[in-house]
Amino acid sequence: MVPVNMASVVGRRRALRNYTQPRTTRSKPTISYAEPDTDEDEDFAEEADDDKLANSPNHSRRGRNLQAQSPRLHQHKRRHGHSSSINSSKDAPALKKRRQTDKSPRKIPTKRFEDIIQTSSTVPPWHNLPYQILIDIFRYATYPLYDDRTFQSLPSARWLLKIARLCKAFAEPAFTILYQTPPLVPMDKAHMLVDLLRTDPTMLAFKYRQKVQSLRIDVGQVAAYSLQGRGQLDLFSLVKDLPRLVDLEFYHQMDMSPYRELEAPIKWSYPDALFEALEFVDPDADATRGDKTSVCKLRSWRWSSRLAGKQHSIESLLEVHLKPSFSSLRKIAFVNFQIPEIKKGAEDPPKHEEMLAHSLSVLSNLEHLIFESSTLVNSTLLPLLPTSLRNLELINCWEVTSEDLTSFLLTHGSQLRCITLNHNISLSLSFLPSLGSACPKLKVLRVNLTYYNVHSFYSDSKPEYDKLLLPDQIPVWPSTLQTIELIQLRHWDTEAAEMFFQSILDSASSLLDLRYLTIQAILNIAWRDRASFRDKWIGSLDRVFKRVSAPPKPIVSLQPPPLSPKIQVMLKNAHSFDEQYTNPGLVPKASLPTTENASVALSLPVRSSLVNKQLVGASSSRRSARTTTRQAQTGKYAESPDDSSDDEAELHTQQETSDRERKRQNRMARELATLQMTAGRDGADTPPESSSTGEDSDDIPLVQKMKSQGKAKEFIQGMCEIVKVRIDNLRPTENVVTEADFLDEEAPGDGDWNGDDDADDGYAW
């Protein structure tokens, strides 16, 4: 008998018992309706990870690097059947831990972009730019610093801090932009700002007191509660030493949409110390140190009835507006001012509309007026408002009707530049026929017909008007309009909708200043009719108003970066081939792409697109020439007599190619001339060069073809940067849910089971 090694047998049995069948990677791909990432980013990530795999000597370490640097790529490969067998069982827990903790976004190696974007060798002297130029640059790059709704800081504020530490010349301009409207949420930032303003200005590097110009304070997050170890925010110390403070506004989340907590009490009101701080002047103030030497003269203020309380009721507003700090107001807002309820047997109280209008009459510089969630805005108050208003905002005002607004615009709309009408449940669009004559200087018109439920447990947000617009109420648009934004247009008939869109097309010749057109309409008709309606009007509005001209040539002082050697070789080959196959008498030599004029004429923002167009044009001409030559040699298209030679056939083919090229260029020139003539005024009856004979039907310009088919001549405005028109039958809701709100895959962090269980003597749950 052959001796049996019991140890080896036991070892093999234990190995078979612990052996785990490897998990198959062939699974049905997950259906995704989300928009994928940019193809270029995926390609760069895959190429970079493949390079790391190819150059790494250790397979196990290579797998960890791959998953750590590109978790999305790892999941993509695993989903489509690319299994990674390079990890051993002892490395699996480490991978799982890394997948759970590393949630940073995918980093793409920068060396991949260096092959495509060539930076310029000239480094501009950024630190030598004037102070005001840097101010404009930083303001443009970082606006806004915080969210208008939640008042939470945005990444732009942190970016400003990094820029301030980057260069000494950048420090003061960056701090100036940061402190003009400082973010105060969370509340510790507000307390730190108070400490900074209390500090002696001579001990600081910059004059921070002079930099603060606007304070927007969320009461619920900043002023109403105490900070541990600091107490409540000291508004007196925050305001009293600000010599350039012009905007002071207090907000509360209960006053904002969806406006269902307008009756809930707020245990905070404007303190008396706040009004004292606005008029505080230190007797020992020195203007050279940045001290405040006069009272604050506000330009913007916001009244909330619950924040004002009984101490600053509507009867006392006149007294407050007469103070020096309020007499120069240009913008004022009234939030949640309601008509008081009259009890049975009580005397009629004084008219609150008259008291409110009287308090506004003393503000001689008032230009911007806002009413939000107020029933005081009605047919009684509107005629009493000032006639010098330039900006009017009516938001969630239930009593405003189209008849009252029409009467107001006819008497008070001659100076209006901007009208905003949002969430007014009783307001229709029947005021549009008188808009053109009532507001001849209007530039911005915004209307949002999204309504909010007063009660959260049932729907009560239906419009209070019969029809949004009737077919005979043709809108008249002011010729000075620059922005038209109409959201959630509904509760109307198809005839009225067609009349509405046709009025915009008919006014194209007078709306020469229009740059932004946004319309969202809802039509409750059959889906086939709605599809036809959508195709007709969206295409017409895009064709008439959308900007189609090429952007102007950018004027920059920086030298353009040099072209990559690969692009230079392609341009050189295209130039040499075009010289061989293009008639020199038709195409000037200067118009051909060369490496010299391309590097001089192209600038950084438009370099890639222009080079691609040149390369595509050159390659298409080469392909057409090669194809025509090859077809002529094989006798596929060109038929020649038996006694003709191949040279004559090739010459005949080249002549036909030249004729076609000449016709194409002439046709493009005529189309360009026609577009230039119709882009700013009515096109001529006869397009340029349209009387030439001997041309085929393809040479006739598109405008002439439309006229020959019996279509009416239309004006092409072609100056709108944004033309966004949406026509559907979606039910209007407060919160619109899109496909971006749904997860395409489970959240990262819970890895797959690797077959090993940790020994645990406790319970499973």
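**Charged side chains and their partners**

Arg158 lies in helix H8, helices being DSSP runs (H or I) of at least four residues and strands (E) runs of at least two, numbered from the N terminus. This is a predicted model, in which local features need pLDDT of at least 70 and side-chain atom pairs count only at pLDDT 80 or more, while totals for chains, interfaces and linings use all residues. Residues are numbered from 1 along each chain as its sequence is written, and side-chain values use heavy atoms, with hydrogens and water left out.

With a relative accessible area of 57%, Arg158 is exposed (exposed means over 50%, buried under 20%, and partly exposed in between, with a 1.4 Å probe and protein chains only).

Salt bridges, in which a side-chain nitrogen of Lys or Arg is within 4 Å of a carboxyl oxygen of Asp or Glu, number 19 in the whole structure. One of them joins the side chains of Asp148 and Arg216 at 3.5 Å, N to O. Asp148 lies in the loop between helix H7 (131-142) and H8, and Arg216 in strand S1 (residues 214-218), so this pair ties together parts that are 68 residues apart in sequence. Asp148 is partly exposed at 47% relative accessibility, and a network of salt bridges links Asp148, Arg216, Glu249 and Lys331.

Another salt bridge pairs Asp241 with Arg209, their closest N and O atoms being 4.0 Å apart. Because Asp241 lies in the loop between H12 and strand S2 (247-251) and Arg209 in the loop between H10 and S1, the pair ties together parts that are 32 residues apart in sequence. Both Asp241 and Arg209 are buried.
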